[in-house]
Amino acid sequence: MHDTAAHILENAPLRYRISRKLNLFLAKKLKVPRVPAIRIARTVNILAKPFTQIHRRRAAEEIIRQRAASKPAVAIDKREGYAFTSPKDVPEITAAIAQAAEIYRTAAEKHALERVEGGTSRKAFMMQAAEGAAMSRHTDIMRAALARPILDAVSEYLGEVPILGNVTIMVSVPNTTQVGSQLYHLDFADEKQIKLFIYVDEVTSDNGPFTFTPISVSNDLIKAYGYDRGRLTIEEVEKAVGAEKEIQVTGPAGTALLCDTSRCLHYGSNRNKTTRVVLLIQYVAHAVPEQPPAVWPVEDIATRIPLDDIQRMALTV
Ligand SMILES: O=C(O)CCC(=O)C(=O)O
């Protein structure tokens with residue numbers, strides 16, 4: 001039995017359910033713009049557990065101090081909101097994609113792929129092989145999700161040690177549509193977050209590559225179109241800033257991108273000709289207002305992966 005988004009929501013501590021409801025109420029009923037709505041909802045979440053954020057910030061400061069004295073293997077550009085990485089910098093990626101490929105193959109054989117519901121579209125183009133706390137038994141994937149070069153880079157970027165929000169094997173099937181997340185959008189979970197996209201198989205321009213614009217370009221587009229929560233078409237983006245500003249992520253299995261999908265406009269799975277399988281790992285701030293994080297079985301994971309304090313923090317809401 002996989003964890004669906006609804007299951008994650010039900011299991012989330014109360015403060016996440018309240019901040020999510022508040023954010024949706026502000027957005028949908030009161031038509032409050034995205035950023036102020038997120039800030040109000042996040043404040044309520046922080047107030048419910050104020051010392052957690054302080055603790056996470058202090059831990060991040062220490063990580064940042066240590067990183068300043070070395071050359072970190074992974075670093076996310078704060079002005080542009082993304083970084084590429086690879087199995088060379090994070091060797092755990094190699095075993096993680098082998099495990100993700102196996103989970104996908106087994107689910108496909110058993111016809112056990114689940115359709116992704118919710119969001120602004122029915123997402124007929126998107127399935128998942130597994131997600132949430134159910135992923136915790138897949139040790140190789142968890143090792144990659146908890147790899148310190150990644151957690152440290154995200155801690156530096158967010159200014160606090162993150163929570164591992166979710167781990168998903170995202171399967172986009174061949175399609176001819178251009179709806180929902182197949183068009184340029186920002187994620188509304190928070191003002192910033194990091195998603196790590198790891199390609200399980202080769203991705204070419206034929207199978208719906210993840211495509212984004214860095215923060216500076218996204219900010220120009222937000223201004224040009226008065227973008228708040230909707231979608232922008234590829235044509236609109238290309239008309240305003242030029243196709244050369246778009247970063248289309250193609251590459252062999254193991255190609256990995258850390259991207260702030262709350263600040264970089266992005267889309268993917270747009271008119272794939274063949275199936276695309278991506279291991280998607282999400283890191284959020286502890287008071288993420290909109291998307292409750294999965295609740296991980298920390299002690300069970302600790303029997304298989306020796307966890308340090310930072311990795312435990314990433315698994316604890
Ligand atoms: O690559 C894709 O299909 C887009 C995914 C997306 O929009 C997201 O994960 O936020």
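Helices here are runs that DSSP marks H or I over at least four residues, while strands are runs marked E over at least two, and both are numbered from the N terminus. Counted that way, the chain has eleven helices and ten strands. What I am showing is a predicted model, in which local features need pLDDT of at least 70 and side-chain atom pairs count only at pLDDT 80 or more, whereas totals for chains, interfaces and linings use all residues. Residues are numbered from 1 along each chain as its sequence is written.

Let me begin with the chain as a whole. Its radius of gyration is 18 Å, close to the 20 Å that the globule rule gives for 317 residues, so the chain is as compact as a globular protein of that length. The radius is taken over C-alpha atoms, and the rule is 2.2 Å times the number of residues to the power 0.38. Along its principal axes the C-alpha trace spans about 45 × 45 × 40 Å.

Now to the helix pairs. Two packed helices are described by the angle between their axes and the distance between the axes. The axes are lines fitted to C-alpha atoms, for helices over the stretch in contact, and the angles run from 0 to 180 degrees between N-to-C directions.

How do helix 2 and helix 3 cross, and at roughly what angle? The axes of helix 2 (residues 14-29) and helix 3 (residues 34-48) come within 9 Å and cross at roughly 160°. That makes the two roughly antiparallel, a word used for angles over 145 degrees, just as under 35 counts as roughly parallel, 65 to 115 as roughly perpendicular and the rest as oblique. Residues in contact, meaning that their C-beta atoms, placed from the backbone, lie within 7 Å, include Leu22 and Leu26 of helix 2 and Ile38 and Val44 of helix 3. By class, this contact has eleven nonpolar, three polar and two charged residues. Here Ala, Val, Leu, Ile, Met, Phe, Trp, Tyr, Cys and Pro count as nonpolar, Asp, Glu, Lys and Arg as charged, and the others, Gly among them, as polar.

Helix 8 (residues 215-225) and helix 9 (residues 234-241) pack at about 100°, with their axes 10 Å apart, which makes helix 8 roughly perpendicular to helix 9. Among the residues that meet are Val217 and Leu221 in helix 8 and Val237 and Ala240 in helix 9, and the contact divides into seven nonpolar, no polar and two charged residues.

Finally, the ligand. Its surroundings include Asp187, Lys195, Phe210 and His266, where a residue is near if its C-beta atom, placed from the backbone, lies within 6 Å. The shell holds two nonpolar, six polar and two charged residues.

Technical notes: Contact = placed C-beta atoms within 7 Å.
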